[in-house]
Amino acid sequence: MKINIKPESLKALKSFNLPEKLEFGKCLVPVMIKAEFKNGTWGELELIPYGTLDLDPCSKVLHYGQEIFEGMKAYKNSQGEVNLFRPLENFKRFNFSARRMAMPEVSQEFFIGGIETLVQHCKDFIPTQEGHSLYMRPMMIATEVGLGIKPAEEFMFLIVASPSGSYFKQDNVKVFIERNFTRAAPGGMGSAKTGGNYAGSLIADKINREKGFHQTMWLDAVSRTYVEEMSGMNFFAVINGELYTPPLSNTILAGITRDSVLTLAKNMGIKTHEEKINVNTLRSQIRFGECSEAFVCGTAAIITPIESLTDGNEVYELKNPKGRIALEIKNQMLSIQAQKCEGPAGWIHKINC
Ligand code: COI
């Protein structure tokens, strides 16, 4: 894939230094990838200096939220070799989200080519501490100008990258079971990675955060009984030594980490179940110690144990609040990503830097 490397971007890279302390998504590399879609076709990908966008106030994304994104990471191993973790899954999910949001798809060459070029130019800014990485956000926004509500015909594709540390500041999280708001309804867009799903979750997040919780657990919008996900993270519970997670549906984002956890657990001899989880049953399983641990997982969150689940005023504390099986799976995943051990075929995508 031919990518237009703008000379100003090479200049910007020369004067950039990686800060000593990295938080999640705060520091951005000084370059980004950009392409525009017009007249039914994608224009060339460009590597340009990171900067603000020139957007008309009537661009459809600003009014109707027609946008999608991905979250993916590049890692550097102890020999200085660089790799991506399961990038084809991000590519496939990006196009899945594009179809759901009436946006144009991109080719594999275009998506992976853009990511590879950005990573190749930013190889010196990939942090190597455990749990650190170069977190990347490919995204597409509707740029067509006009206030009519119809799918746009002009779009912008961008990839930005952030050398990042852990998503959570603490080792485990306190979760609040949301009984008032819901995240996604059947037939809606809950399984697409689009900003509206996150925007709609923020009010509950704000209220629950003020009460001292780190995450909101969403229940299904129809019966308000079954666990769905956490907005940005999928949910797992260890019940009688076996691993349970809700089955995928059009109200749950198909996490790539979720899929990786299921595969690794099976390889470790742990029985896995993709089954509906009744939140009331789960509460008593925690009370009686049958559910020994639970955790959230996602690209950003990796795998983070849950300390407690709170329903109204009732607190359900997990027997293993720091996780046991969660940490075994997490260590296995981090070792594969750091190429300290072999993972399942096709998970590591090496990049020639
Ligand atoms: C990711 O894990 O990449 C996400 O996009 C989730 C977000 C909460 C950071």
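Trainee: What volume does the second largest pocket have?

Mentor: In this predicted model, the second largest pocket has a volume of about 390 Å³, where a pocket is an open set of points on a 1 Å grid over the protein atoms alone, with protein on both sides within 12 Å along at least five of seven lines, and a volume is the space filled by 1.4 Å probe spheres set on points joined across faces, edges and corners.

Trainee: Which residues are closest to its centre?

Mentor: Of the 15 residues that line the second largest pocket, those are Phe24, Ser166, Tyr167, Phe168 and Lys169, and lining residues have an atom within 4 Å of a point. Residues are numbered from 1 along each chain as its sequence is written, side-chain values use heavy atoms without hydrogens or water, and local features need pLDDT of at least 70, side-chain atom pairs 80 or more, while totals for chains, interfaces and linings use all residues.

Trainee: And the largest pocket, how much space is in there?

Mentor: About 550 Å³ lies in the largest pocket, and of its 31 lining residues Tyr167, Tyr198, Ser231, Gly232 and Met233 are the closest to the centre.

Trainee: Switching topic, how many cavities of 30 Å³ or more are there?

Mentor: The count comes to one, a cavity being a set of points where the probe fits but cannot get out. The largest cavity has a volume of about 140 Å³, and among its 15 lining residues Tyr75, Phe85, Thr257, Thr299 and Gln337 lie nearest the centre.
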